[in-house]
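Please examine the sequence and the model shown here. The paragraphs that follow lead through selected helices, strands and side-chain contacts.

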Amino acid sequence: MAKILKIYPDNPQENLINEVIKTLNNGGLIIYPSDTVYALGCNIFDIKAMEKLAQIKKIKLEKAQFSIICNDLSHLSDFTRPIETSVFRFLKSHLPGPFTFILDANKSVPLAYKNHKTIGIRVPDHPIPQLIVEKLGHPIASTSIKDDDEIIEYSTDPELIAEKYDHLVDIVIDSGYGDNMASTIVDLTSGEPEIIRQGKGIV
C-alpha cells in the first residue's frame with residue numbers, strides 16, 4: 001500500500017523528504033506534485049524501478065519517453081550533447097517553469113535511455129521536486145499521471161490519486177490540489193524552438 005506523505009510546499013518537512021529519498025534509493029516509485037500536474041517518478045539509474053514505471057504506463061521501457069526532472073541546468077551535460085549558447089540562454093530564460101525541452105541525448109545517458117536519440121528535460125518551478133532532486137544528488141525519471149476520463153484528462157486530487165495508485169507506488173506526496181494542464185513540450189534539437197504540445201507554459 002502507498003504511504004501518503006503530507007508535505008507543505010512553502011516549508012517542506014526535511015524528515016519526510018528524507019523518507020522519499022530513501023524510497024527512491026531503494027527502487028521505490030513515488031507520486032509527487034509539480035508546477036503542472038501530479039507525476040510518477042523513480043530513480044533514473046534503477047533499471048528495475050524504470051521498468052515498473054513503464055509497466056504502469058503499459059508501454060515497453062525502450063519505447064518510453066520519460067522526462068528527466070532536474071533542479072537546475074547543472075545536470076544538462078550529463079544527458080545531452082553540447083548545446084549552442086543561444087539555446088542555453090533560451091533554456092535559462094524559461095526555467096524553472098512548466099516546460100519539457102527536447103534536446104539531443106549524449107552517449108552517457110542512463111541505461112534505460114541508451115537507445116534514445118533525444119531526451120526531455122524538466123526543471124519544475126516547485127520546491128518539492130527541486131528539493132528531492134537536490135537531496136537525491138541526481139535527476140529522477142518522470143511521467144504525468146493521466147486520468148481515465150479524457151474530459152478531465154489529468155488527476156488533480158492527491159487523495160483520489162493515492163486511491164487509484166495504492167498498490168502500484170510506494171509513496172504519494174500530498175501537496176494539495178494539482179493543476180490539470182501539463183507542461184508545454186518544446187523541441188530544441190534544431191536550435192530553434194518548435195512547440196510539440198501546447199500546455200501551461202507560454203514560449
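The model is predicted, so local features need pLDDT of at least 70 and side-chain atom pairs count only at pLDDT 80 or more, whereas totals for chains, interfaces and linings use all residues. Residues are numbered from 1 along each chain as its sequence is written, and side-chain values use heavy atoms, with hydrogens and water left out.

Helices (H or I, at least four residues) and strands (E, at least two) are DSSP runs, numbered from the N terminus. Helix α1 comprises 12 residues, 14-25, and reaches 16 Å from its first C-alpha to its last, close to the 16 Å expected at 1.5 Å a residue; the expected span is 1.5 Å times one less than the number of residues. Within α1, the residues Leu16, Ile17, Val20, Ile21, Thr23 and Leu24 are buried. They lie on the same side of α1 because they cover an arc of only 160° around the axis. The arc is that of the directions from the helix axis to the C-beta atoms, and buried means under 20% relative accessible area, exposed over 50%, and partly exposed in between (1.4 Å probe, protein chains only). The face of α1 turned away from this buried side carries Asn15 and Lys22, which are exposed. The buried residues of α1 pack against several elements, among them β1 (3-6), β3 (39-43), α5 (127-136) and β7 (140-144); contact means heavy atoms within 4.5 Å. After α1 comes Gly27, with a positive phi near 85°.

Strand β7, one of the elements packed against α1, is itself mostly covered, as 4 of its 5 residues are buried. Two strands pair if DSSP finds at least two bridges between them. Strands β3 and β7 pair in the antiparallel sense over 5 bridges, and Ala141 in β7 is the bridge partner of Cys42. Strand β4 (residues 67-69) also runs antiparallel to β7, joined by 3 bridges; here Ser67 stands opposite Ser142 of β7.

Helix α4 also has a buried side. In α4, Val87, Phe90, Leu91 and His94 are buried, and they fall on the same side of the helix because their arc around the axis is only 100°. The exposed residues Thr85, Arg89, Lys92 and Ser93 are on the face of α4 turned away from the buried side. Buried residues of α4 pack against α3 (76-79) and β5.

How many aromatic pairs does a search of the whole structure find? The search finds 2, where rings of Phe, Tyr and Trp (its six-membered ring) pair if their centres lie within 6.5 Å, planes under 30 degrees apart counting as stacked, over 60 as edge-to-face and the rest as tilted. Phe90 and Phe101 form an edge-to-face pair, 5.8 Å centre to centre with 80° between the planes. This pair links Phe90 in helix α4 (residues 85-94) to Phe101 in strand β5 (residues 99-104), 11 residues apart. Phe99 and Phe101 form a stacked pair, 5.4 Å centre to centre with 15° between the planes. Phe90 counts as buried because its relative accessible area is 18%, and Phe101 because its relative accessibility is 0%.

Finally, Ser183 lies in the loop between β8 and β9 (184-187). Ser183 counts as buried because its relative accessibility is 5%. Beyond its neighbours within four places in sequence, Ser183 is in contact with residues including Phe99, Thr100 and Arg122. The side chains of Ser183 and Thr100 are joined by a polar contact of 2.8 Å, a term for a pair of N or O atoms within 3.5 Å; within protein, one must be able to donate a hydrogen and the other to accept it, and residues adjacent in sequence count only if both atoms are side-chain atoms.
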